[in-house]
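Hi there,

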Amino acid sequence: MSRHPRVPLSVLDLAPISTGSDVRQALANTVDLARRAEQAGYRRYWLAEHHLSDGLASSATPVLIGQVAAATSRLRVGSGATLLGYHTPLAVAEAYGTLDALHPGRIDLGLGRGLAAGRRAASASAAAPQPSPGSRTVKGLLIPAPPVSRPQRSARGVAREEILLQPHAQPLPFEQAVDALFGLLSGTYTLDDGSRVHATPGAGAALETWVLGSSAGESAQLAGRLGLPFAVNYHVSPATALDAVDAYRRAFVPSATLARPYLMISADVVVGRDLADAQRIARPYGAWVQGIRRGEGATRYLSPEEAEAIVLEDDLVQDRVSTQFVGDANAVVKGLETLVRATEADELIVTTNAHRHEDRVQSHEWLAQAWLAA
């Protein structure tokens with residue numbers, strides 16, 4: 001069977017902060033990695049939006065997108081994702097309209113719900129059937145069982161989210177927020193009194209707009225109904241990724257944007273000189289995932305030596321650890337080929353965390369060399 005790595009390769013960056021480092025260095029690392037990714041042949045460079053996490057510097061995503069776009073010339077640069085639960089549609093239209101005006105034809109706008117909107121959707125679907133336990137393999141791809149126990153968000157955690165919204169503000173439902181945003185970008189948004197408002201910058205911006213999601217729920221179905229490209233977060237929720245893919249394809253309606261579904265799949269990747277080297281670099285990953293799932297947020301990324309002292313709760317992290325693609329370039333490429341075949345993805349986006357910036361850069365470069373040359 002011939003290899004199938006011809007789909008484009010892109011990068012998702014969380015601007016991780018390592019122990020012993022700081023925000024300034026993490027942001028400098030992001031700009032450096034973007035330059036190197038462009039040289040290596042990646043198509044896009046997306047920045048994730050995360051708030052109130054001590055270990056991630058990617059909270060002011062439009063600012064960081066502007067810095068990356070200014071430091072590169074060919075890469076498409078965008079958000080993976082802009083969390084509409086925390087922003088008004090007008091604020092998003094103006095921010096990304098500004099980016100498009102400064103870097104025309106290169107800006108992507110990836111849309112996600114955010115926790116505030118997500119809680120509403122979760123409560124509405126609380127009675128929905130849950131995936132059955134037990135790992136399975138589909139077309140050679142491991143689909144792990146979801147974590148046995150997901151810790152409840154603490155009262156402190158919920159209170160921390162309140163700072164992301166104005167007092168007493170309620171985020172718009174996701175579909176309504178997307179509809180308002182598209183109206184502002186197209187210049188057709190009309191107020192209740194019939195008057196039209198014009199977002200400047202924003203109206204007429206040539207943005208490539210995506211929806212991101214992890215399950216067969218609202219995001220997948222909305223992306224399909226609107227005929228938008230959809231990015232599936234296999235690296236975040238491998239247990240539900242194939243369900244999300246199927247839901248998107250079933251819901252898809254051709255649009256002025258797309259005649260057929262266009263799917264991007266994400267993967268967490270570490271490429272080393274050999275398997276032992278890659279496993280050493282990837283060692284802190286389980287501890288990092290465990291902190292997130294315990295409700296502590298993304299903490300500073302440990303060194304391999306620091307990670308040795310952490311006792312992992314397998315039921316909490318095994319799904320993510322077992323689906324991380326770790327090894328030398330050839331082994332990782334083979335694993336990613338399986339992911340692309342199983343999902344019939346049109347594009348692949350990879351994210352890599354490592355304590356040392358040099359290891360993260362080298363992982364991306366080695367992967368691109370093997371993937372694009374095959």
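Searching the whole structure turns up 21 salt bridges. Please keep in mind that this is a predicted model.

One of these pairs is R36 with E365, whose closest N and O atoms are 2.8 Å apart. It connects distant parts of the chain, with R36 in helix α1 and E365 in helix α14 (residues 357-373), 329 residues apart. R36 is partly exposed at 29% relative accessible area, whereas E365 counts as buried at 17%.

Helix α1 (residues 23-40) also holds N29. With 14% relative accessibility, N29 counts as buried, and it touches H357 and R360, leaving aside residues up to four places away in sequence.

A further salt bridge joins D54 and R300, with 3.2 Å between the closest N and O atoms. D54 sits in the loop between β2 (44-47) and α2 (61-71) and R300 in the loop between α10 (285-293) and α11 (304-307), so this pair ties together parts 246 residues apart in sequence. Both are partly exposed: D54 has a relative accessible area of 47% and R300 is at 25%.

D346 and R260 pair up too, at 3.1 Å between their closest N and O atoms. Here D346 is buried, at 15% relative accessibility, while R260 is partly exposed at 48%.

As for the overall picture, the protein has 14 helices and 11 strands, and buried residues make up 52% of its 374 residues.

Best wishes

Note on methods. Residues are numbered from 1 along each chain as its sequence is written. This is a predicted model: local features need pLDDT of at least 70, side-chain atom pairs count only at pLDDT 80 or more; totals for chains, interfaces and linings use all residues. Side-chain values use heavy atoms; hydrogens and water are left out. Helices (H or I, at least four residues) and strands (E, at least two) are DSSP runs, numbered from the N terminus. Buried means under 20% relative accessible area, exposed over 50%, partly exposed in between (1.4 Å probe, protein chains only). Contact means heavy atoms within 4.5 Å. A salt bridge is a side-chain nitrogen of Lys or Arg within 4 Å of a carboxyl oxygen of Asp or Glu.
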